[in-house]
Structures are given as structure tokens and as C-alpha cells.
Amino acid sequence: MPDLLDGVDSELLTLDDYFLDFDQDFWSIEEGDFWKLERQQHFREPGDNSWRAFAEGNWSEALRLLEARRDDLADYYRRIAAHGFATFRVRVVEQPIIPYLQWELHLLRARERAGALIRVIGPDKIAELEFDGLVPEFATLGSTVLYEPVYDEQGVLVCGSPVPRPQSGRTLPTAYPGTLRRR
């Protein structure tokens with residue numbers, strides 16, 4: 001896939017700065033919504049207690065910890081709705097489904113039950129975009145900024161790059177036509 005940010009000025013933020021910047025932009029959404037595309041098949045999420053239980057092979061504890069988030073997730077998505085925007089997530093899932101994705105699909109189901117709008121698709125839905133490699137991970141925050149998270153070879157988030165949308169000129173819905181809306 002061609003680089004969507006080719007020729008666009010952006011900076012890599014440290015992980016702490018990325019989280020601060022992202023959080024500020026997220027809660028400042030005034031026009032549009034939050035859109036995220038996840039394409040990689042494996043991530044490591046050492047800051048997540050449920051993921052740690054999963055990584056240690058303790059599925060029952062991993063699922064219990066996800067269930068324990070139910071009220072917090074519901075509060076989170078009510079707060080988002082009160083701010084006047086929605087969250088849309090598209091997760092590409094390849095077959096066979098690897099253990100990480102089994103865990104993440106449970107997390108996504110919990111998010112959806114709490115109010116997130118989530119679509120799980122197969123790689124065939126974006127195959128035409130992947131003529132030159134996998135589509136990149138991206139998130140847009142309203143009409144203001146597009147973010148590209150950066151992961152290490154283990155799948156751990158290490159930093160991120162915000163791109164003001166007037167520079168990028170694109171949103172996930174237009175960058176990936178037809179893949180984000182339910183049919």
C-alpha cells in the first residue's frame with residue numbers, strides 16, 4: 001500500500017508524550033469521530049493486567065479481568081457519548097486465529113457491549129489496498145489529527161506520530177473506502 005503520509009511532515013513522540021498528546025486530542029474531538037484500524041495480528045500489551053494474565057497462560061484470569069472492566073468501560077463510552085462523538089474500530093483478523101487475537105476479540109466484544117462500534121473483517125476486505133505491503137495502523141481523532149502508532153518488532157507500542165489533518169488531508173473512512181462501514 002502506498003504510504004498515506006508520504007511527503008507529510010510529522011514527528012515521532014516519546015511514548016509518554018504520545019499518550020498525553022493523544023488523550024488531549026481525543027477528549028477535544030468536536031467534529032467527526034474516532035476511527036481506528038488495527039491490521040497487525042499480534043501485539044504485546046504489558047500495561048494491561050488481562051493481557052499479562054493471558055501471556056502467562058491464565059485464560060480464566062484474563063477473562064475474569066476483562067469482565068471486571070465492564071462498569072469502567074460502560075462509564076468510558078458514556079463519557080464519549082456525552083462529548084458528542086463515537087468510536088469506530090476495524091480489526092483485521094487472519095485465519096487461523098492466533099491466541100493473541102482470541103484474547104483481543106474478547107476485549108473488543110467487551111468494548112462493543114459497552115458502546116464502541118467495532119467491525120471485524122478478514123484480510124480479503126482490504127486486499128486491494130495491500131499490493132505493496134500491509135496497510136498501516138492508523139487512528140483519526142475527529143477532523144483534527146491522524147495518528148500513526150509505532151510498534152517494536154515484539155508488537156509493543158513504543159511511540160507515535162501525530163499528523164495534523166489539514167496536512168494529511170485524509171481520514172480513515174476515505175483512506176480505506178468500503179472497509180469501515182457495516183454492510
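Visitor: Is Arg 39 buried or exposed, and why?
Guide: Arg 39 counts as buried because its relative accessibility is 3%. Buried means under 20% relative accessible area, exposed over 50%, and partly exposed in between (1.4 Å probe, protein chains only).

Visitor: What kind of model is this?
Guide: This is a predicted model, where local features need pLDDT of at least 70, side-chain atom pairs count only at pLDDT 80 or more, and totals for chains, interfaces and linings use all residues. Residues are numbered from 1 along each chain as its sequence is written, and side-chain values use heavy atoms, with hydrogens and water left out.

Visitor: Which residue does Glu 130 form a salt bridge with?
Guide: Its partner is Arg 39, with the closest N and O atoms 2.7 Å apart. A salt bridge is a side-chain nitrogen of Lys or Arg within 4 Å of a carboxyl oxygen of Asp or Glu.

Visitor: Is Glu 130 buried or exposed?
Guide: Glu 130 counts as buried, at 17% relative accessibility.

Visitor: What about Glu 94 and Arg 39, how far apart are the closest N and O atoms?
Guide: They are 2.8 Å apart, in a salt bridge. Glu 94 counts as partly exposed, at 28% relative accessibility.

Visitor: New topic. How many salt bridges does a search of the whole structure find?
Guide: It finds 10. One of them joins Glu 38 to Arg 89, with the closest N and O atoms 3.8 Å apart.

Visitor: Are Glu 38 and Arg 89 buried or exposed?
Guide: Both Glu 38 and Arg 89 are buried.

Visitor: Which residues do shared partners join into one network?
Guide: Lys 36, Glu 38, Arg 89, Arg 91 and Glu 104.
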